[in-house]
Amino acid sequence: MPTLNCSLQGPAHGPVTGPVPTSNSHSNARQVALKILSTSSSTSTKSSSLISSLQSPSDRNLCTNLVQTANRREGQIDDIIQRHAKKRPKKVVLAALKLGIVQMKFLDTPPHAAIYETLEALKTFPSVSKPQVSFVNAVLRSASNSTSPLSPSTSNLSPHISSTLSSDWGSSVMSEVAEVYSLHDGGVTLSCTDVDVVGEMFRTHNVTNEISPLGSVGVKNPGSIKKLPGFDEGLWWVQDSSASLPAILLKNSIERIKKEGETVRVVDVCSAPGGKAMQMGSWGWEVEGVELKEKRAKRMRENIERTRLQNKVTVTVADAKTFQPSLPPLGFLLDAPCTATGTGRKNVDVMRRSEAEGKKMEEELVNTTVGIWENAKHWGSKVCVFSVCSLSVREGESQVDTFLRMGGVEIDRIMPEEVPGFEGSIDEQGRLRIFPSDRGDGFFITRFIFV
């Protein structure tokens with residue numbers, strides 16, 4: 001398709017053809033989406049506030065889907081814009097092109113409806129001129145008539161993330177991760193104090209849900225999290241299925257070694273926002289969560305109070321490289337600070353990370369984790385679990401090699417029956433390497449026993 005010679009000051013083009021959509025067309029959702037996409041902080045708290053301002057749940061869902069898809073498909077959308085516009089516009093005009101392309105190419109909106117609704121939303125911005133509206137009209141019409149295939153989903157990843165994934169795992173895995181990260185499923189996964197109670201409550205309130213073999217509850221298009229049944233009662237908290245595994249694996253080890261009637265004391269390192277600590281507290285364990293930053297610790301305390309677990313879970317603000325528990329914990333969980341490249345399903349920013357930023361972050365976090373491990377291995381624990389929500393070999397497998405060279409521990413192999421649904425993710429050494437999928441985020445988990 002040849003490039004259109006369009007400019008922001010060019011002549012107006014003809015009207016969009018096709019039937020005009022009815023008034024029930026989520027116009028407000030598109031206006032808010034356009035406003036969010038025209039700013040530089042479309043994943044910020046401000047965007048969440050704008051979406052929440054929409055009165056209709058369907059409008060909120062549509063707006064979220066538009067924004068998320070535009071962000072996740074940025075590379076593919078930019079490729080379409082480059083093929084159909086000679087000059088790349090800025091701010092709201094560029095956002096309008098993204099909004100129209102998202103609807104036509106990724107959300108199966110009929111082209112005439114997508115273009116019409118985009119132009120109507122654009123016209124509500126007082127700073128937009130008629131030539132700019134005509135420009136958007138022309139580019140979108142050209143894109144709608146194109147039969148060129150979409151660029152691959154790998155174009156949505158930054159060169160650094162693509163090269164790192166390819167180097168560690170090969171181009172096939174990199175492509176699979178890119179495809180998962182390009183999708184917006186709108187779902188949320190919950191851990192519960194009592195999954196049967198929560199399941200029954202959701203059924204009573206007609207909340208469509210699915211309980212996983214691990215006991216997590218999946219909810220599609222939940223709307224406002226705080227309005228879901230059981231939130232105020234503290235019966236559940238948001239936690240990915242993969243993220244629930246480290247605590248489950250620690251529990252299995254401790255159940256094998258604890259004495260009858262023994263109080264189980266554990267330390268949860270780098271604990272905020274507290275999902276794993278609340279898991280362990282709900283089992284009746286005494287949990288001390290260690291968190292470096294007071295702001296994150298405050299959020300964790302709020303979560304603990306909502307779930308009524310403050311008698312079991314405490315939070316200590318301290319540097320885990322020097323922290324000393326008051327009593328030797330039977331075990332500890334180190335969900336180490338990492339680049340979080342396994343969380344792209346909900347954190348679109350990890351798809352964009354530059355090489356300079358990524359390498360600096362990884363270097364600092366690996367050094368921090370080694371320092372924490374050197375301190376924690378002297379606490380007198382019998383078992384521990386190490387995990388990272390990263391896809392990096394250096395942050396995962398290589399760190400385990402470092403811990404083994406430092407001595408004092410052996411790998412406690414993870415068995416298939418412990419991780420239903422993730423049996424195929426166990427490697428030859430009995431560790432878990434989970435890649436992102438519709439089952440959960442990417443994680444690396446190793447269990448140790450002290451010798």
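Predicted model: local features only at pLDDT ≥ 70, side-chain atom pairs only at ≥ 80, totals over all residues.

Residues are numbered from 1 along each chain as its sequence is written, and side-chain values use heavy atoms, with hydrogens and water left out.

**Exercise 1.** Locate Ser387 and describe its surroundings, including its polar contact with Asp335.

*Solution.* Begin with the secondary structure, where helices (H or I, at least four residues) and strands (E, at least two) are DSSP runs numbered from the N terminus; Ser387 falls in strand S9, which covers residues 383-388. Next consider accessibility, for which buried means under 20% relative accessible area, exposed over 50%, and partly exposed in between (1.4 Å probe, protein chains only). Ser387 is classed as buried because its relative accessibility is 0%. Then list the contacts (heavy atoms within 4.5 Å): apart from neighbours within four places in sequence, Ser387 touches Pro246, Leu334, Asp335, Ala336, Phe443, Phe444 and Ile445. Finally, the side chains of Ser387 and Asp335 are joined by a polar contact of 2.7 Å, a term for a pair of N or O atoms within 3.5 Å of which, within protein, one must be able to donate a hydrogen and the other to accept it, residues adjacent in sequence counting only if both atoms are side-chain atoms.

**Exercise 2.** Determine where Cys389 lies and whether Cys389 is buried or exposed.

*Solution.* Cys389 sits in the loop between S9 and helix H15 (397-406). With a relative accessible area of 15%, Cys389 is buried. Leaving aside neighbours within four places in sequence, its contacts include Cys338, Thr341 and Phe443.

**Exercise 3.** Which residues of helix H8 are buried, and against which helices do they pack?

*Solution.* Within H8 (residues 159-169), the buried positions are His160, Ile161, Ser162 and Leu165. The buried residues of H8 pack against helix H9 (171-181) and helix H14 (355-376). Just after H8 comes Gly170, which adopts a positive phi of about 100°.
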